[in-house]
Amino acid sequence: MKGIVMAAGLMALSMGVSVGLLFYISHEQLRLNTESSLKLALGETMVQLDDLDPSVRESRALLIFSDNFSVRKEKSVQYQVDLMGFLADPLAVRIRIRATENTALFRLELSAEETMIEVDNEK
């Protein structure tokens with residue numbers, strides 16, 4: 001009888017650890033995909049904004065970023081994109097993304113921010 005109780009306890013413990021590891025792996029995967037997509041899309045946005053006239057950069061920044069980010073976003077995740085800061089000259093853009101993923105076991109939410117500033121390397 002004692003062995004059955006110990007085996008059931010060990011099985012419940014291993015199931016709890018498995019669910020915890022599943023949550024950790026899912027969260028890290030979502031974080032990695034969101035942050036890498038954010039950085040790549042922001043870099044492409046900076047290149048495209050650099051080609052525009054400084055007077056129209058601010059009005060087009062969020063639209064261009066959204067287009068660049070939509071190529072990389074996952075279908076099962078809902079994203080909210082906010083333009084937190086903008087400076088036309090020198091070009092500086094700050095973006096925040098909130099990602100929410102509803103899976104069968106749990107809901108994952110995270111927020112990522114990135115700032116990119118234009119640097120002139122001419123000497």
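In what order do the three strands of the open sheet sit, and is their pairing parallel or antiparallel? In this predicted model, the order reads β1-β2-β3, and the strands pair in the antiparallel sense. β1 (77–87) and β3 (107–117) end up at the edges, and each has a single partner strand, so one side of each goes without a neighbour in the sheet. Going from one strand to the next, the sheet twists by 15° on average.

Picking out one spot, aspartate 82 sits opposite arginine 96, a residue of β2.

Next come the helices. Helix α1, made up of residues 2–50, lies across β1, β2 and β3, and runs at about 30° to β3. Helix α2 (residues 57–70) lies across β1 and β2, running at about 150° to β1.

How far does α1 reach from its first C-alpha to its last? The span is 72 Å for 49 residues, close to the 72 Å expected at 1.5 Å a residue.

Part of α1 is also tucked away. The buried residues of this helix are Leu30, Thr34, Ser37, Leu38, Ala41, Leu42, Thr45, Met46 and Leu49. And what covers them? The cover includes helix α2 along with the strands β1, β2 and β3.

Notes. Residues numbered from 1 in each chain as written. Predicted model: local features only at pLDDT ≥ 70, side-chain atom pairs only at ≥ 80, totals over all residues. Heavy atoms only, no water. Pairing = 2+ DSSP bridges. Helix = DSSP H or I, 4+ residues; strand = E, 2+ residues; numbered from the N terminus. Axes fitted to C-alpha atoms, helices over the stretch in contact; angles between N-to-C directions. Contact = heavy atoms within 4.5 Å. Expected span 1.5 Å × (residues − 1). Buried < 20%, exposed > 50% of the residue type's maximum accessible area, 1.4 Å probe, protein only.
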